[in-house]
Amino acid sequence: MNPYKIEAGTAQHIANRPQQNDRTALFAGARAPGYMMAVLADGGDGGDGAGASEQVLHTAKHLFDAFKPGDTPSVERLSTLLREIVHETHLVIKMNGVATQTEPHATFAALIIAPGGLAVWAHVGDSRLYRFHNGECKLRTGDASYIDHLMQTAKLAAESAQHHRHSKLLVNELGNSRKEPFIASGSHAGLDAGDSFLLCSDGLWHFFTDAELGAAIARNAPRQASELLINKAGERAEGKGGNCTMAIVRLVRVPEVVVDYSVKKMGRAV
């Protein structure tokens, strides 16, 4: 594993929606030196979507600030932390909905990078996380594990599961008063320069192939990549796009420092 440094940034655009319901942020671990978290939430149109997304970020920061990793980072401990963020946020959003007699809800996607080249992530709903290496997509989160879960636990027929988004009873989001959120998680050890991650809402990923996203992130710093992707998403949406939000994390090689130890001979004029 080669030494790397982290370049990261966030960006969003309201598109043609009346308000921005998405939220995203990057956090450093207050009690976990060398740890970082990227988190993204897409608030639904029903209820206070923006407030639900804000709650995701508030809870994520609060629990991440309190996290003490110990001597060695582990996938289990970091996965547990992400699950705690999901469950606490889900409970608060539901309580807020009862108080306001609405049903706010939000998706969730989060990534933690730990010292030693470990990445752990989790997601709920249709906000996505991508992992690239030198622009090639190595992983993209999706609904496959959720559909399997529905088929196993709810005895849902395969055909019905494939169209689960059409039923509110089957929506997998934080704040859903009918069912607990299903959390899909994953991890990758041995991070290296050339690895990158993208967290984004459906207002972005809907308009791009995996290869297009990977190329934009591999060839550009996070700020330039986000500007390029937001502009292109706006063009392809033709005025019909939703909130477009992303967090980009790139691992780049640390430049080698070359030290010249040669001794120059000094001439003397006669």
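Analyst: Helices are DSSP runs of H or I with at least four residues, strands are runs of E with at least two, and both are numbered from the N terminus. This is a predicted model, in which local features need pLDDT of at least 70 and side-chain atom pairs count only at pLDDT 80 or more, while totals for chains, interfaces and linings use all residues. Residues are numbered from 1 along each chain as its sequence is written, and side-chain values use heavy atoms, with hydrogens and water left out.

User: How do you know that the span of α7 agrees with its number of residues?

Analyst: The expected span is 1.5 Å times one less than the number of residues. Helix α7 (residues 222-237) has 16 residues and should therefore span 22 Å; its end C-alpha atoms are 22 Å apart, so the two agree.

User: Which residues of α7 are buried, and what puts them on the same side?

Analyst: Buried means under 20% relative accessible area, exposed over 50%, and partly exposed in between (1.4 Å probe, protein chains only). The buried residues are P222, A225, S226, L229, I230, A233 and A237. They cover an arc of only 125 degrees around the axis, so they share one side of α7; the arc is taken from the directions from the axis to the C-beta atoms. An α-helix has 3.6 residues a turn, so residues three or four places apart point the same way. On the face turned away from the buried side, R223, N231 and E235 are exposed.

User: Why is S127 called buried?

Analyst: S127 has 0% relative accessibility, so it counts as buried. This residue lies in the loop between β5 (118-124) and β6 (128-133). Leaving out residues up to four places away in sequence, S127 touches L40, D42, T107, A109, T141, C200 and S201, where contact means heavy atoms within 4.5 Å.

User: What makes the pair S127 and T107 a polar contact?

Analyst: A polar contact is a pair of N or O atoms within 3.5 Å; within protein, one must be able to donate a hydrogen and the other to accept it, and residues adjacent in sequence count only if both atoms are side-chain atoms. The side chains of S127 and T107 are joined at 2.6 Å.

User: Why is D48 called partly exposed?

Analyst: D48 has 43% relative accessibility, so it counts as partly exposed. D48 sits in the loop between β3 (36-42) and α1 (49-66), and its side chain reaches the backbone nitrogen of G51 at 2.9 Å.
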